[in-house]
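Student: I would like to go through this model in questions and answers. Where do we start?

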Amino acid sequence: MRKSTIFIALFFWIFPQILSAQQTNASEKKVLDHSVYDDWQSISKINMSKNGQWVVYNINVQEGNDDLIIQKTDGSYKKTVARGYDAAITGDDRSVIFKIKPLFKEIRQAKIKKKKPDEMPEDSLAILSLRDDKMQKFGRVLSYKTPKERNEWVAILQKNEQKPKPAYMRDKSKDSLKQVIDSLQYVIKELKPDRTNDKDSITDPGRNNRLQLINTATGNSRTFLNVNDYTFNKTGSHLLIEQTLDLRDSAKTTCILLYHITAQKTDTLLRGGNDFKNLALADDGSQAAFLAMRNAKPKDVKQNFQLWHYKKGMDAAIMLVDTLTAQFPKGSQLSEFGKISFNKSGTRLLFATAPTPLPKDTSLVDIDKVNVDIWNYKDDYLQPYQLENRKRDREKSYLAVYDFAHKKMVQVGNPDLPNVYEGKLADAASFVAVTDTGRRIAAQWTGSTLKDIYKIDISNGRSTAAVLNLNGDIRPSWISPSGKYIVWYSNATRHYHAFDGRQTINLTAAINTSLYDEENDVPDDPGPYGVMGWQDGDKRMLIYDRYDIWAIDPTNPKTAKNLTNGRNQQLTYRYLQTDEDEDYIKSADPILLNVFNNKDKTNGVAVLHNNRMERPLLPLQPFNVGPISKAKNADVFAYTKESYTNPPDLYALRQQKEYQLSQINPQQKLYNWGNAALYHWTTFSGKKATGIIYKPENFDSSKQYPVILYFYEKLSDNLYKYIPPSPTPSRLNISFFVSRGYVVMAPDIAYTIGHPAQSAYDYIVSGAQALAVKKWVNKNKMGIQGQSWGGIQVAQLITMTDMFAAAWAGAPVANMTSAYGGIRWGSGLNRQFQYEKTQSRIGATLWEKPDLYIENSPLFHLPKVNTPLVIMANDNDGAVPWYQGIELFTGLRRLGKPVWMLNYNGEEHNLVQRKNKKDIQVREQQYFDWLLKDAPPAKWLTEGVPAINKGNDWGLELAN
């Protein structure tokens, strides 16, 4: 009794101490620093089994070794495989197949030592049985494939293990009788053929790849040696293989094999050839096709591919098409870059032709060749665009069809009709061609082109015009599944139209709601919200407005029906496709829709069944719901949920019960994090404005905080987006700065055409002033940060106000007059269109309204600048030429303004290399801490880093 009394007394004394300690720890959490990035986790590559019992996914770290997770969807079983990735669940739901990467440190060391590709650490592959948890591993893996429908078969291509060298080759310093005997045995063994394998697979001497075909359910396997390429048919009943018969033979004869998996029978379709490409099988495996180059000619004589075909019942493949085939276009050849495929019924074979390239000029040696780019005003595309797209243009091909019923080839596409599409059912009598030939020059300033759309009769290749000189939009997915209806959106009428081969139909004339961007604020026609898809074959087309989904019967468009009715509540509904192979949407199946509340930014998942709204799968909630997966044969769903405070963890929904399957980033609890909330104010022009305010987790309204405003057009829809601490490509890493005691504001901006600078001022500065009156804001310690379009607005704002104590501009345009005629080197496009029609929002040419270009160019207003500025302008920026940063820097430097510029050599518009991202993150922190927190400055800010010290001194240490 006495012991019990003592224990109780001790408990009531100790427990308050523990509780007090916990509360103290909660209020004294660590702040994020630059050491935390690498281990911060995210989830990717989510796959579900057909029966809904299993899910596999990756937990990725930012730098290091990732994990593959294999888990039951009710959470009752979980297996973690270090470094696993690229996983697939077999169609019988009994096995998981995946690759395993080498250790990160091994790959890193190999890169440091500059190992050649064939010397780099190699992947392995594993097959895990879900029945007994047993794992089988395979080394030296090059690739693996499973059938599209993912049954129990897997094919694994491996490098063969290298045979050990005989002693006389390993150690030259010793000479013994044993080594001589070893050498003789080695030579004899290499010369003696091994006939133990089947007739189509002669023994590999250890210098090529082997293919293992494995039944993951039974363990039965078959090996093919010296395999160069392979492919399954859709159902996994057949495997098509390109195999070199005997590497010891100087001819290295290659053949094409068709392996009948169920019958365990191998047919040789073709023996002998110099090169093979593009193996293809019909869905049922009854037909095969491929390109072969067979003629034996000297190496300096150009050879052409031929199209070969095999059908069940033939003794071997036959040559189907070559350059002598009737209707084969003159001056062309079969293209190795075009896809070969059978239509669903197997009655047609699709392939591609391409113009024969000019022969290489060998009359001049390299030293005498002139390197010159010739710009001609009549060219369809500017030279930089042509140069940037040389590889694409060299590989450009045009669709052709072989009709087995009529035993003839039809050339469908050509240089005048380069883009040809078919309906998803792929057995249509007609295809759709789209061309802008002869009207491409105007894209230099319009950003788009007028297009002609044709319907092409596959039986004879004849084309019928559906619409000419379309100013609008058309996409392959808008074609009805059978190809009967061609659909486009017209900017002139602002409606969708269809062509059925006889007449043009206005599909949306009966819909009074705007089907185009209601918030369009660029000087161009507003784009359409788009097409959800076709429903029940060609029966209905489903299209979007800003909020809702409309169903339209093309035979009776007046009966158009709103299926969702979200406008009154400002709810936006969008389709969540869960079957990547669907030919069309089936109304009889439950259709999942993402639901987004535009007022409070909550998110959920609705269900549309037989075109009626049912009970939601997930009600609206203060989370962002990620892409959703559905089991093929069960009502089981997997998805991620996230918010600013909750990482995007994986959840499963089974029988209306939600299971949380992952708990990534548990370390976040150790750090001072933060929270996010919508913020509203009124702009100087009297408009209602919205943004996001991020505050530290330990926010104390009695204290004053420095503020950074980060902006890029509109960001408030991201209220419930998780922002991991990570090295930045030059944007503001919000969670990092919030953790360290900053308040961050992200204001939405709406623009007035011709005056983007004033629009930015109206929203950003008014938002900053609305914050500045808060007692918890230090109005004298406010900074701004932006990248690209946000970067130019940073540069503009510091010419318009002295409100900010620090500014950081990533890749800004300084001078619209010099940028207007320049090139976006990443694409080769001229920049005129973006000023006249898109983001820069001037809406006129430079010579029509030069005053607007000057008004919106910071360079012309630099004498007004009193705010310190850091510029990032990289010399390999493919979007904003880095000389724009130079103009800004040199102008401010001449005026004696405090300015710095970072040029990460060879880097892109947004930083790509992780080492550079880490560096700029450190510098951003040092800069803002110095000017907004009165921290000591780093040496790069006060003294700079002379070029002579480049690579030895980074200037990151604090100044003396």
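Tutor: Start with Lys630, which is partly exposed at 27% relative accessibility. Here buried means under 20% relative accessible area, exposed over 50%, and partly exposed in between (1.4 Å probe, protein chains only). The model is predicted: local features need pLDDT of at least 70, side-chain atom pairs count only at pLDDT 80 or more, and totals for chains, interfaces and linings use all residues. Residues are numbered from 1 along each chain as its sequence is written, and side-chain values use heavy atoms, with hydrogens and water left out.

Student: With which residue does Lys630 form a salt bridge?

Tutor: A salt bridge takes a side-chain nitrogen of Lys or Arg within 4 Å of a carboxyl oxygen of Asp or Glu. The closest N and O atoms of this pair are 3.7 Å apart. Lys630 pairs with Asp635.

Student: How many residues apart in sequence are the parts that Lys918 and Asp38 tie together?

Tutor: Their side chains meet in a salt bridge at 3.2 Å, N to O. Lys918 lies in helix α15 (residues 914-933), and Asp38 in the loop between α1 (2-27) and β1 (41-48), so the parts tied together are separated in sequence by 880 residues. Helices (H or I, at least four residues) and strands (E, at least two) are DSSP runs, numbered from the N terminus.

Student: How many salt bridges does the structure hold?

Tutor: One of them joins Arg392 and Asp393, at 3.0 Å, N to O. Others form a network linking Glu518, Glu519, Asp545, Arg546, Arg567 and Lys714. The total is 39.

Student: What is the phi of Asp536?

Tutor: Most residues other than glycine have a negative phi. Asp536 sits in the loop between β34 (531-535) and β35 (540-544). Its phi is positive although it is not a glycine, at about 55 degrees.

Student: How far apart are the C-alpha atoms of Tyr584 and Ser480?

Tutor: Tyr584 is in the loop between β38 (571-575) and β39 (591-597). Contact means heavy atoms within 4.5 Å. Beyond four places away in sequence, Tyr584 touches residues including Trp534 and Asp536. Ser480 is 104 residues away along the chain, yet the C-alpha separation is 8.7 Å.
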